[in-house]
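Work through the exercises below with the sequence and the model open. Each task is followed by a solution in steps.

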Amino acid sequence: MPPQLKRLLPAFIIFILLFLVLKYYLTPETFGEKGHYRYSSIAEVQNIDMKYAGMDKCNECHDDKVEELGMDVHADLSCEACHGPGLTHAENDGDYEILIPTEREFCALCHSKNISRSTRIITQINILEHNTGKKCIDCHNPHMPWELKE
Amino acid sequence: MGTKGVKNSRRDFLKKTAIVGGGTIAASLLNPFDAVLIASEDPGDKSKVWWGYVIDIDKCIGCGRCANACKTENDVPKEPFFFRTWVEHYTINNDGDVHVESPNGGIDGFEQTLDKDDVFKTFFVPKMCNHCHKSPCVQVCQVGATYDTPDGVVLVDDKYCIGCRYCVQACPYGCRYIHPEKKVADKCTLCYHRISKGKTTACIEVCPTSARMIGNLNDEKGPLVKFLKNHNCLVLKPHLNTASKLFYNSLNAEVR
Amino acid sequence: MEEFNHLYEMLSQVQGYVYPNEVDLQWGLLIVQYPYLTGLVAGAFITASLERVFNVKALKVTYELSLLTALAFLLVATMPLISHLGHPERFYEIMITPQPQSAMAIFGFVYLWYLMVVLLLEIWFDYRRDMVLWAREAKGLKKWLYKILTLGVNDISPKTVMWDNKIGYFITVVGIPSAFLLHGYVGFIFGSVKANPWWSSVLMPVIFLFSAMVSGIALIMLVYMVVSYVRKKKPDMLALDTIAKFLFYVIILDFTLEGLDQIHRIYEAEESFEIISMLVSGKLYITLIVIQVFLGTIIPLVILGVFQFYKPKDSIRRVLYLIVSLLILVGIFFMRWNVVIGGQLFSKSFYGFTGYKTLIVGSEGLLMATVWVIVPFSILAFLIWLLPPWKKHNSTEISEAE
């Protein structure tokens, strides 16, 4: 064998062995258990904290409001659609306040007149004309909007 | 859903050959047709959950509560460049011109200034990760930092992602972004932390018109499969063959 | 808030509709640079191979120079890629857990193969005998550098030197397909993205390969002229004319392939056609039509074409060769730009465009990119100082010395 190869071949073999050793030690623990990824990352994603509690949780304390809501057109609505995430609120006995939106603009997100919305799906009003200067909840009970106050 | 016929035995054989042959690199060379079917278990195993999602465009009123709740639930940066889900507003006028908009992903609501007579068609389309079974994003990830879970959800491993952005380029639906603080790819997880605990996703939780639905595609008597049976549902960009598991009811051809 | 100023500016420049996540253009200047530098390597290596494998005697003067240039640029080629990563410190994962289905994952291995097995070895075999001799002559640090670089193989008997030549030749032969692989592969990284119609083309690897050869040959032409000028020597006109001849043929091939790609797009006129034709006639007009096609292709093609039939004085040819090589280098840079940036300017919804503005600072800014241009030239200067091609001992000298 030429002297060059006598020197180069072992060098390459050492290089490849070194690479394999590095590969062995640097590959994360659960990598490749189920597929070409870190299997434990699935559990990591699963363990992320939730923020929205879900209606069942609300119902544990506010069954009266949930019942009111369920009586007619807002029956499909979840509490947290308007009140925002409520898990911290629920888990701390109501210490953490939840959102109570009162502005016309908030109701308008769903109910403002828009020809892109199907009238079969949602009641729409022209907020530029309808009782301007008043808040929606001055007249409508948001949990039972079909009943007018006063 | 036409991707269930993956032959188990053949794949196993190839996997073993690959190991004998010294690494999985050989596998993609031996069977190039397997190249797009990665990691996920055979969805044909009916005893297991395989997540799918339906959006009913007829029911969407464009309130943007889904996009808003998603940002809150998943700590998505509030700036209007990062969305795991967003709502698009399509307006097609009588000349056939298509106008699309999604200001702040629809979170602040939409205005429709045009009159009914000027408009041929107008509707809202919520968008999110399609959780493709043959995901282009999973296919291109260099290091295995994004993957298809055994129950069919495409996730990102934020501790392993190197932030090369190839997956962002590969996603045909624009569903990925680079998280400005974490510097890794980020996207819809189908609220994996919620659905694994028996809860529904944040977007579905707050949707006032039940325009969104999640379910098990392997449960033939389940509500999702029933819905797919009774409605003409389509996926986005079907020609790209991504085997999307996000189905749209009443999808218009203009939607891309 | 301030970190998003740039994005708000881009948002204000959006035309039509883009998906909200698309406002932030992901691959900037550094990813333009990455295929550019890799292409220069592949092209420079192929220029070197012309002499050795295809026996183009006129190019003997540029053989070592081409190899050293290829090495200098190869050492830097991955740096733009690494520095643009969100987590550069996780770079090793590409080598440790390469995902076999990813078009990009194998790059690390292709790169290492090319660096370790092709370029370094070819240069080592080519210079080993000289390094042994230089180690005897030189003093101080340089002496030790040569001693280390010979790896202790000090045998310069004719038999061993014959092995240097034989193995070196073999490596060059292996090196040609490797150079093709290296750059065709870079083209495949873009060509295989089916989500992007501007990239997704089966011709992309071939186009990348030929444009790489064009830019690499032009670079060698430029480096050879500059090095000669610095050494106060007149460049060998026969070598320059020969390089120019090959350059001419390769540009024709490259231009034909790119033209074919565009004609195919226009004739098929798929779903994405409208947005792409708006892109080409709008946002890419200057960089594609004016710089890449007109300045970077047509003008060099005309000049080199005329030289095939009519050769003006040496001094005029030298000036024009200088201009042509610079034009081509700029043109190919913008070819990469038009692919990388152009492919991200239009929305995958095909309903609109986002904008791109090069940032000055930051890991993806102009300053960083400038660094990765200066570094390879500095490496090249060092390599030329350490291994000057013109001080190599020719074999007759050796046999007399022995």
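**Exercise 1.** What distance separates the centres of domain 1 of chain A and domain 2 of chain A, taken over C-alpha atoms?

*Solution.* This is a predicted model, in which local features need pLDDT of at least 70 and side-chain atom pairs count only at pLDDT 80 or more, while totals for chains, interfaces and linings use all residues. Residues are numbered from 1 along each chain as its sequence is written, chains are lettered from A and ligands numbered from 1 in the order in which they are written, and side-chain values use heavy atoms, with hydrogens and water left out.

Step 1: take the bounds, which are 3-46 for domain 1 and 55-148 for domain 2 of chain A; such bounds come from an automatic or database domain assignment.
Step 2: the two centres, taken over C-alpha atoms, are 56 Å apart.

**Exercise 2.** Find which residues of helix H7 of chain A are buried, and what they pack against.

*Solution.* Step 1: helices (H or I, at least four residues) and strands (E, at least two) are DSSP runs, numbered from the N terminus. Buried means under 20% relative accessible area, exposed over 50%, and partly exposed in between (1.4 Å probe, protein chains only).
Step 1: in H7(A), residues 104-111, the buried residues are Arg104(A), Ala108(A), Leu109(A) and Cys110(A).
Step 2: their packing partners are helix H8 (136-139) of chain A and helix H3 (65-73) of chain B.

**Exercise 3.** Describe the packing of helices H9 and H13 of chain C.

*Solution.* Step 1: two packed helices are described by the angle between their axes and the distance between the axes.
Step 1: H9(C), residues 204-230, and H13(C), residues 314-340, pack at about 145° with axes 9 Å apart. Axes are lines fitted to C-alpha atoms, for helices over the stretch in contact, and angles run from 0 to 180 degrees between N-to-C directions.
Step 2: contact means heavy atoms within 4.5 Å. Among the residues making this contact are Phe208(C) and Leu222(C) of H9(C), and Tyr321(C) and Arg336(C) of H13(C).
Step 3: sorted by class, the contact has 18 nonpolar, three polar and two charged residues. Ala, Val, Leu, Ile, Met, Phe, Trp, Tyr, Cys and Pro count as nonpolar, Asp, Glu, Lys and Arg as charged, and the others, Gly among them, as polar.

**Exercise 4.** Examine Asn130(B) and His131(B) in the loop between S4 and H4 of chain B.

*Solution.* Step 1: the loop that holds Asn130(B) runs between strand S4 (119-128) and helix H4 (136-140).
Step 1: Asn130(B) counts as buried because its relative accessible area is 2%, and His131(B) because its relative accessibility is 3%.
Step 2: His131(B) is not a glycine, yet has a positive phi of about 40°.

**Exercise 5.** Where does Asn55(C) lie, and what is its phi?

*Solution.* Step 1: Asn55(C) is in the loop between helix H2 (29-52) and helix H3 (60-77) of chain C.
Step 1: its phi is positive, about 60°, although Asn55(C) is not a glycine.
Step 2: at 48% relative accessible area, Asn55(C) is partly exposed.
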